[in-house]
Amino acid sequence: MQLLDQVEYRRVETGEDMEEVARIRYKAYKAGAVMHLGDDSPLLIDEVDFDSHAYVFGIYYEERLISTVRLHHVTPEHRVTSSGKVFPDEITAFLDAGMTLIDPVRLAADPEIWSEMPAIPYLTLRLATMATDYFQTDRCLQMVKPAHAAFYKRVFDADFVASPKSNQGKFIIDLMLMATRVKGVLPKLYERFPFFKSEPFERRMMFDRSGDPLTVRPTARLAHFGSSRIQISPANITG
């Protein structure tokens, strides 16, 4: 909660902000040896970043970009998804069953501050829980390294979906697929980790594209303690 007081979320749609996000991706993937990267193309931006159901976010701590994630809202009618390129059969099975999904990908954190702030995964993946809540999806996917599977099982009660695959596209690492049964897990998740909570207006400002993107202060403290403990001020929302 204390870290969230210094955090801002921003949906990224401008070219300048997208380039900043891409630099973080490049630094993180190079430091973690995640994929093959050419030194002549340090900016990792693709056409899927601009898909109508893709939401790219920057997470800022004390006005510094510390991490980023891209969320896909995947439906039977709109099947654009990054995880589907690696696990097409499993994703198709979900969608053919009429399910809707949130697919968080391109998760990257500035390696220069990762060791100083181990809570970065929680601050970043909070956006995925908000998206599942806003869009009322059936599953939240996790395409992850096998070494990270225990984290997603422990925190998000994720189910195993598909065994690890190697040599997928530019990826150097093995990737496996997990998924959280959102509607059953979210209430328990909010009880165990109240910083994942959010107010409806925060989720609306994040994902409603009827207006310009906003820089949004997290509402977890308000959602958890209630208005009797928290006073809303203009500082909660900045343009």
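Analyst: Histidine 73 touches His53, His78, Leu101, Ile102, Phe135 and Thr137, leaving aside residues up to four places away in sequence. The model is a predicted one, and histidine 73 belongs to strand 3, which covers residues 64–74. Its relative accessible area is 12%, so histidine 73 counts as buried, the cut-off being under 20%.

Two of these contacts lead on to other elements. Leu101, one of the residues touched by histidine 73, has arginine 139 of strand 5 as its bridge partner. Strand 4 (residues 101–109) and strand 5 run parallel and are joined by two bridges. On strand 7 (residues 175–181), arginine 181 stands opposite arginine 139. Strand 5 and strand 7 run antiparallel, with six bridges between them.

Strand 5 itself spans residues 139–144, and six of its six residues are buried, so the strand is largely enclosed by the rest of the structure. In a regular strand, side chains alternate between the two faces of the sheet. Here Arg139, Leu141 and Met143 point one way, while Cys140, Gln142 and Val144 point the other way, and all are buried.

Phe135, also in contact with histidine 73, takes part in the packing of helix 5 against helix 8. Two packed helices are described by the angle between their axes and the distance between those axes. For helix 5 and helix 8 the angle is about 95° and the axes are 10 Å apart. Helix 5 is therefore roughly perpendicular to helix 8. On the side of helix 5, the contact is made by Arg126, Leu127, Met130, Ala131, Asp133, Tyr134 and Phe135; helix 8 contributes Glu202, Arg203, Arg204, Met206 and Phe207. The residues of this contact comprise seven nonpolar, no polar and five charged.

Helix 8 (residues 200–207) is largely enclosed by the rest of the structure, because six of its eight residues are buried. These are Phe201, Glu202, Arg203, Met205, Met206 and Phe207.

As to confidence, the mean pLDDT of the protein chain is 89, and 92% of its residues reach 70 or more. Over residues 228–239 pLDDT stays under 50, and the model has 15 contacts beyond four places in sequence for them. Where pLDDT is low, the predicted coordinates should not be read in detail.

Note on methods. Residues numbered from 1 in each chain as written. Predicted model: local features only at pLDDT ≥ 70, side-chain atom pairs only at ≥ 80, totals over all residues. Heavy atoms only, no water. Helix = DSSP H or I, 4+ residues; strand = E, 2+ residues; numbered from the N terminus. Buried < 20%, exposed > 50% of the residue type's maximum accessible area, 1.4 Å probe, protein only. Contact = heavy atoms within 4.5 Å. pLDDT = per-residue confidence, 0-100. Axes fitted to C-alpha atoms, helices over the stretch in contact; angles between N-to-C directions. Parallel < 35°, antiparallel > 145°, perpendicular 65-115°, else oblique. Nonpolar A, V, L, I, M, F, W, Y, C, P; charged D, E, K, R; others polar. Pairing = 2+ DSSP bridges.
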